[in-house]
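The following questions and answers set values against definitions and draw a conclusion from each.

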Amino acid sequence: MAKRLGSQTVVFDKQPIILSGAAIVGKKEGDGPLARYFDDVVDDEYAGEKTFEAAESRILKDTFSKALEKSGKAAADINVILAGDLLNQSTAASYAFRDANTPFIGLFGACSTMSESLTIGSMLIDGGSADYAVCAASSHFCSAERQFRFPLEYGSQRTPTAQWTVTGSGAVILGKDGQGPRIVCATPGKIIDQGIKDANNMGAAMAPAACDTITSHLKDLGRSADDYDLILTGDLGSFGSSMLNDLMIKNGIDMKNKHKDCGTLIFDLEKQGVNCGGSGCGCSAAVFSTYIMNQFRQGALKRILFIATGALMSPTRSQQGESIPGVAHAVCIEA
Amino acid sequence: MADILKAFLLGGIICVIGQLLIDLTKITPARIMVVFVVLGVILGLFGLYQPLVEWGSAGASVPLTGFGNTLAKGVIKEINEKGFLGVFTGGVKAAAAGITAAVTFGYIMAIASKPKVKK
C-alpha cells in the first residue's frame with residue numbers, strides 16, 4: 001500500500017515500472033533539437049486524415065501502438081488507458097481509443113495531463129487495480145488553435161509572444177513488473193490562481209503552480225533540489241521558467257542548475273522562431289516518453305522530478321474576464 | 001503610376017497601424033478589425049475619410065476603414081432621401097456589393113481550399 005507523506009505526497013510501495021515510451025510528433029518538432037529521439041515525424045498536419053482533430057487522434061493511437069510494441073506486451077495485457085488532450089470532451093483521446101477494447105479513463109489537466117496520468121496510473125498499479133496501464137497525452141497545433149484561438153481558415157495573425165502548441169503525442173506503458181525506471185512517489189498539485197489573465201502568457205499562469213508543487217514535494221520528503229539530477233517542468237517556456245526560478249528562490253530553494261523545461265527543449269527557440277517555446281500536453285508527453293527515457297537508459301539520469309504544468313484556461317471564462325488557474329503534478333522517477 | 005504609388009503608401013500606413021496594434025497591445029485581431037470599421041464610420045460621418053479615398057483611392061477604400069466609410073456614407077444618403085428609416089437600411093444597401101462579394105468568394109474559397117500551417 002502507498003504511504004502518504006507530509007501535506008500531499010504519495011510514496012509508492014509497489015513501485016510501478018516504466019516499461020517503454022514512444023512519441024510521434026509533427027514536422028516543426030521533427031526539425032527541432034530532439035528529432036532523433038522521436039519514433040516518427042508526421043510531415044502532413046492532417047496525418048492522412050480529413051481533419052486536424054482526426055489527425056491528432058491518429059497520432060495518439062499510433063503512439064500507443066508504438067509504445068506497446070516496444071514494451072513487448074500485447075494489447076490484451078493492458079488493464080487501463082489513462083489519456084487526455086486539450087480539446088473539449090477530450091476529443092482526441094476519446095476517438096483515438098474508441099476501438100481499443102480496453103477500459104479507458106479520460107483525463108483533463110490541460111498541459112499537466114502527462115504527469116497527471118503517470119500519477120493516477122502509478123496509484124492504480126500500486127493499489128492492485130491494474131497490472132499494466134498506458135499513460136498518454138496529445139496535442140495538435142491546428143486543433144488547439146481552433147479550440148483556444150481562431151480556426152486556421154480564419155487566417156488570424158498570431159501575437160509574437162504566444163507559445164507554440166506542439167503537434168505530437170507521447171505514451172508510456174506502466175507495469176507492476178519488468179525492466180525500466182521506477183516511479184517512486186508523486187505529488188499531485190493544488191490549483192493555484194494568481195490572477196494572470198493573458199492567454200498569451202500561460203507560462204506566468206503555470207509557474208506559481210509549479211513552484212507550489214515542487215516546494216511541497218521537497219518539504220514532504222525532506223529533500224533539496226540537489227537530491228535530483230534533473231527537475232523537469234512541462235511547458236513553462238522561457239519566460240515562465242525564469243519566473244519559476246525567481247519564485248523558488250523566494251521560497252529559499254535554488255534549483256536553477258537542476259531545472260530544464262520541455263517547452264524550451266523541444267524547439268530551437270531562436271532558429272525556429274518560437275519566441276517563448278512549445279506548449280500543449282503533447283510537448284511534455286513526447287519529451288518525457290522518449291528523450292528522458294533515453295537518458296535513463298544511457299545511465300545519464302538516476303533520479304528526476306517531472307512536473308507537467310497545466311494552464312486550466314477556459315476560453316468562455318476568459319471572455320467573461322476571469323483569470324487562468326494553474327496546476328502542476330510532480331512524479332519522481334528513479335533508475 | 002502616381003495613383004498606384006499613393007494607394008500603396010496610404011494602404012500601407014493603415015496596415016502598419018494594424019500591425020503595431022497586434023505587436024504592441026493586447027487587443028485581439030478580431031477587435032482590431034472592429035476598431036477599424038468603427039473608426040471608418042466615425043471619420044466617414046464627419047466627412048474626414050472621403051478626402052483620403054480621393055487622394056489614395058483603393059489604398060483607402062479597400063482596408064476595413066473604407067468599409068466603415070461606405071456604411072456611414074450610405075446611412076447619410078438614405079436619411080436624406082427616405083428619412084429616419086435610412087438609419088437601418090442605408091448602411092447595408094451601400095455596402096451590399098462588398099458584403100455579398102465577401103460571402104460568395106469566402107464560400108468558394110472554403111470549398112476550393114484546405115487550411116494548412118503557415119510555413
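Q: What makes up chain A in terms of domains, and how far apart are the C-alpha centres of domain 1 of chain A and domain 2 of chain A?
A: In this predicted model, chain A is divided into domain 1, residues 3–175, and domain 2, residues 182–334. Their C-alpha centres lie 17 Å apart.

Q: How many residues does each domain of chain A give to the contact between them?
A: Domain 1 of chain A gives 59 residues and domain 2 of chain A gives 58 residues. Two residues count as being in contact if their C-beta atoms lie within 7 Å. On the side of domain 1 that touches domain 2, the elements giving two or more residues include strand E3 (17–26), helix H4 (113–126), strand E7 (132–139) and strand E9 (168–175) of chain A. H4(A) gives the most to this side, with 7 residues. By class, this side of domain 1 of chain A has 29 nonpolar, 24 polar and 6 charged residues.

Q: Why is E9(A) called largely enclosed by the rest of the structure?
A: A residue is buried if 20 or more other C-beta atoms lie within 10 Å of its own. In E9(A), 8 of the 8 residues are buried, so the strand is largely enclosed by the rest of the structure. In a regular strand the side chains alternate between the two faces of the sheet. A:Gly168, A:Gly170, A:Val172 and A:Leu174 point one way from E9(A), while A:Ser169, A:Ala171, A:Ile173 and A:Gly175 point the other way, and all are buried.

Q: How do you know that E3(A) and E9(A) pair, and which way do they run?
A: Two strands pair if at least two bridges are found between them. E3(A) and E9(A) are joined by 8 bridges and run antiparallel, and therefore they meet the condition of at least two bridges. The bridge partner of A:Ala23 in E9(A) is A:Gly170. E7(A) is also joined to E9(A) by 8 bridges, and these two strands run antiparallel. Here A:Val134 stands opposite A:Ile173 in E9(A).

Q: Why is the largest nonpolar core said to lie between domain 1 and domain 2 of chain A?
A: This core has 105 residues, and A:Ala133, A:Val134, A:Cys135, A:Ala210, A:Val287 and A:Phe306 touch the most other members. Domain 1 (3–175) and domain 2 (182–334) of chain A both give residues to the core, so it lies between them. Leaving aside neighbours within four places in sequence, A:Ala210 is in contact with residues including A:Thr233, A:Leu244, A:Ile307 and A:Ala328.

Q: Why is A:Ala47 called partly exposed?
A: A residue is buried with 20 or more other C-beta atoms within 10 Å, exposed with 12 or fewer, and partly exposed in between. A:Ala47 has 19 other C-beta atoms within 10 Å, and so it is partly exposed. A:Ala47 lies in the loop between strand E4 (40–42) and helix H2 (52–71) of chain A.

Q: What makes up the secondary structure of chain B, and how many residues of chain B are in the contact with chain A?
A: Chain B has 7 helices and 0 strands. Buried residues make up 24% of its 119 residues. The contact between the chains takes 10 residues from chain A and 8 residues from chain B. The side of chain A that touches chain B divides into 4 nonpolar, 3 polar and 3 charged residues.

Key: Residues numbered from 1 in each chain as written. Chains lettered and ligands numbered in written order. Predicted model: local features only at pLDDT ≥ 70, side-chain atom pairs only at ≥ 80, totals over all residues. Nonpolar A, V, L, I, M, F, W, Y, C, P; charged D, E, K, R; others polar. Domains from an automatic or database assignment. Helix = DSSP H or I, 4+ residues; strand = E, 2+ residues; numbered from the N terminus. Core = buried A, V, L, I, M, F, W, Y, C linked by C-beta atoms within 7 Å.
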